[in-house]
Amino acid sequence: MYNRTNYMPEFMARKQICDIGKRMYNRGYVAANDGNISVRIGRDTILCTPTGVSKGFMTPDMLVKLNMKGERRSGTRKASSEIKMHLRVYKENPEVMAVTHAHPPIATSFAIAGIELDKALLPEAVVMLGTVPIAPYATPGTEEVPESIAPYCKDHNAVLLANHGALTWGSDLIEAYYRMESLEHYAAIMMYTSNIIGKSNELSCGQVERLIEIRKNLGITSGGKPVCSIEEKNKGPFISSSSMNQESMTQEKEVLLRSIAEKVTATVLNSNR
Ligand SMILES: [Zn+2]
């Protein structure tokens, strides 16, 4: 862990950004030249990825050094306009030492659908990632983008960007990146349970409380609290209120209505004979 008086040495940060870029690209979290990564290496300095370069093929010399106003301090390449989001996270939350931005396909699909990742499904996600709200859509490259994420930087560890992608942060680059992995993994599980299997036994409120306690003991104070609706005594097989389940409820209703209609029709026909 690196804090404000103990920043990661620049040569290490350069190497780690390239390693994480490769992971992000190899896992399909970014296509072509998408995504960006930054690490805070001083009170007024961040190191970040350049624009127009695949994050899977970077070398340490390609990275750009900026001050906290976004002015270039070294490097021949330009930083992406999306770095404004990173700078805003650092400004809003001084504990943050690294930020990652990507377009992981499943989490981005939830961002497009406007569905927050706030269900209590997996203990690890509750502890390490927390709930993931959606920041309203903002035109890329404009000041609207950092404005849209500002309210979430202190109390959460990640945010979905409506019709765009995901942004995660942490006390070092590994933590920020792992949150991106956890976010996509959680989104995949949510898609399977809600939209493919159509059923999920969510964690009870008591179970969520115990996980929040564990999180506190680990020194993690951010992440929000997932929605829970099941009391301990009612714990057990539970049909979630996901769209798929609403759909199956609708189907059940349709079957019932059809059978009532058939009975009524048969009665009318019989009475006319
Ligand atoms: Zn993006």
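Biologist: What is the mean pLDDT of the protein, and what is pLDDT?

Modeller: pLDDT is the predictor's confidence in each residue, from 0 to 100. Here the mean is 88, and 83% of the residues reach 70 or more. Over residues 233-245 the pLDDT is below 50, and beyond near neighbours in sequence this stretch has 20 contacts in the model. Two residues are in contact if their C-beta atoms, placed from the backbone, lie within 7 Å. This is a predicted model, in which local features need pLDDT of at least 70 and side-chain atom pairs count only at pLDDT 80 or more, while totals for chains, interfaces and linings use all residues. Residues are numbered from 1 along each chain as its sequence is written.

Biologist: How many helices and strands does the secondary structure come to?

Modeller: Helices (H or I, at least four residues) and strands (E, at least two) are DSSP runs, numbered from the N terminus. This protein has eight helices and eight strands.

Biologist: In what order do the strands form the sheet?

Modeller: Strands of a sheet pair through backbone hydrogen bonds, either parallel or antiparallel. Two strands count as paired if DSSP finds at least two bridges between them. In this model eight strands form an open sheet, ordered 4-3-2-1-5-8-7-6, with mixed pairing. Strand 4 and strand 6 (134-135) are the edges, each pairing on one side only. Strand 2 (residues 45-48) and strand 3 (residues 64-67) run antiparallel, joined by four bridges. Within that pair, Ile46 has Leu66 as its bridge partner.

Biologist: Which strands does helix 6 lie across, and at what angle does it run to strand 8?

Modeller: Axes are lines fitted to C-alpha atoms, for helices over the stretch in contact, and angles run from 0 to 180 degrees between N-to-C directions. Helix 6 lies across strand 1, strand 5 (98-102), strand 7 and strand 8, at about 145 degrees to strand 8.

Biologist: What should helix 6 span?

Modeller: The expected span of a helix is 1.5 Å times one less than its number of residues. Helix 6 (residues 173-197) has 25 residues, so it should span 36 Å; its end C-alpha atoms are 35 Å apart, which agrees. Gly198 follows helix 6, with a positive phi near 80 degrees.

Biologist: Which residues touch the most other members of the largest nonpolar core?

Modeller: In soluble globular proteins, nonpolar side chains tend to be buried together. A residue is buried if 20 or more other C-beta atoms lie within 10 Å of its own, exposed if 12 or fewer, and partly exposed in between, with C-beta atoms placed from the backbone. A nonpolar core is a set of buried Ala, Val, Leu, Ile, Met, Phe, Trp, Tyr and Cys residues joined through C-beta atoms within 7 Å. The largest one has 63 residues; Ile17, Val39, Cys48, Val159, Leu160, Ala166 and Leu183 touch the most other members. Helix 6 gives the largest share, eight residues. Beyond four places in sequence, the residues that Leu183 touches include Ala107, Leu117 and Ala166.

Biologist: Is Ala79 buried or exposed?

Modeller: Ala79 is buried, because 25 other C-beta atoms lie within 10 Å. Ala79 is in the loop between strand 4 (72-74) and helix 2 (83-92). Its C-alpha atom is 7.0 Å from that of Cys48, 31 residues apart along the chain.

Biologist: Where is Ala32, and is it buried or exposed?

Modeller: Ala32 is in the loop between helix 1 (10-26) and strand 1 (36-42). Ala32 is exposed, with 11 other C-beta atoms within 10 Å. Its phi is positive, near 50 degrees, in a residue other than glycine.
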